[in-house]
Amino acid sequence: MNEPSIWSPPRLSMRWWPVFRRNLLVWRKLAVPSLLANIGEPLMWLVAFGYGLGSLVGRVPTHGQEVPYLLFLASGSICMSAMNAASFEALYSAFSRMHVQKTWDGILNAPVQLDDVVLAEMLWAGFKALFSVLAILGVMLGLSISHSPKLVLVPPVLLLAGITFASMALVFNAKAKGYDFFTYYFTVVLSPMMFLSGVFFPREQLPAFAQALTGWLPLSAAVDLVRPLFLDQWPEHAARHLAVLAAYAVVSFWVALAFTRQRFRR
């Protein structure tokens, strides 16, 4: 009897939860170092660029008003932090569990399908992104960068963004032979996205064709949803931006699942 195609629809069940819970219990032992690592780099960006470069830049026009560069950068860098946290977890940590430690092999000896394992890894990386976002948001509130009541919507938006970037990273995780392979992903995908998605400067400064292209990037969608919330505004075209994130998440998860099935059939 022929095996089902690697591109067959995901076969999911609630058995992803024990895998997610296993990752959570292991991570609890390293929660404090993980917290420091997750907020260290974003705080460095805020201090070096927000306060340092911000004193030279002054105010930046965005969403119909001029705002301090620190606020502009903070509202973009928290999206970048969600992207990085989810990507690192779905690349380095997931690869360690899948290939180096053979944790996935042990889990698959239980009545758990590979599809559920991949789903659990995606959701776990999304949770790690949410954890980072909450920590960074707490620091930003402590620094009085923004006190908009609409900031309560930032965590759910960036949870979706974290799941999206986790799905994308799992595609490369499935194809990796070693940790060095991930350098290509960061160099070719994440770094250009970081500089072209409106994190450090308004996308309106780009040429018209570049604005049109970068407007469909997932990080641009996240920034366009989150920055107005920092300004106590409602995002424009919110449904479109949410649809962009959801589309990247669904398509990337399906591709990642197909490649992972192919890898485990060898």
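Histidine 237 is exposed, with a relative accessible area of 55% (buried means under 20% relative accessible area, exposed over 50%, and partly exposed in between, with a 1.4 Å probe and protein chains only). The structure is a predicted model, in which local features need pLDDT of at least 70 and side-chain atom pairs count only at pLDDT 80 or more, whereas totals for chains, interfaces and linings use all residues. Residues are numbered from 1 along each chain as its sequence is written, and side-chain values use heavy atoms, with hydrogens and water left out.

Histidine 237 lies in the loop between helix 9 and helix 10 (helices are DSSP runs of H or I with at least four residues, and strands are runs of E with at least two, numbered from the N terminus). Although not a glycine, histidine 237 has a positive phi of about 55 degrees. Most residues other than glycine have a negative phi. Aspartate 232 is found in the loop between helix 9 and helix 10, and its phi is likewise positive, near 60 degrees.

The side chain of aspartate 232 meets that of lysine 150 in a salt bridge (2.9 Å, N to O), a term that denotes a side-chain nitrogen of Lys or Arg within 4 Å of a carboxyl oxygen of Asp or Glu. This pair links distant parts of the chain, 82 residues apart, since lysine 150 is in the loop between helix 5 and helix 6. Aspartate 232 is partly exposed at 39% relative accessibility, whereas lysine 150 counts as buried at 15%.

In the whole structure, six salt bridges are found. A network of salt bridges links Glu89, Arg97, Glu121 and Lys128. Because glutamate 121 lies in helix 5 and arginine 97 in helix 3, the latter pair ties together parts that are 24 residues apart in sequence. Both glutamate 121 and arginine 97 are buried, the relative accessibility of arginine 97 being 9%. Glutamate 89 is also buried, with a relative accessible area of 6%.

Helix 5 (residues 114-142) also contains serine 132, which is buried at 1% relative accessibility. Not counting residues up to four places away in sequence, serine 132 touches Asn38 and Ala85 (contact means heavy atoms within 4.5 Å).

Helix 7 (residues 182-196) has 15 residues and spans 20 Å from its first C-alpha to its last, close to the 21 Å expected at 1.5 Å a residue; the expected span is 1.5 Å times one less than the number of residues. Shortly before proline 192, a kink of about 30 degrees lies at leucine 190, the bend being the angle between axes fitted to the seven residues ending there and the seven starting there. The buried residues of helix 7 are Phe182, Tyr185, Phe186, Leu190, Met193 and Met194, and their cover includes helix 3 (69-100), helix 6 (154-175) and helix 9 (218-230). Just after helix 7, glycine 198 takes a positive phi of about 85 degrees.

Leucine 56, in helix 2 (residues 31-57), is exposed, with a relative accessible area of 72%. Together with Phe49, Leu53 and Val57, Leu56 forms a nonpolar surface patch of about 350 Å² of accessible area.

Definitions and conventions: Patches are made of residues with over 30% relative accessible area and no salt bridge: like charges are joined within 9 Å, nonpolar side chains (Val, Leu, Ile, Met, Phe, Trp, Tyr) within 5 Å. Accessible areas come from the Shrake-Rupley method with a 1.4 Å probe; for residues, only the protein chains shown count as cover.
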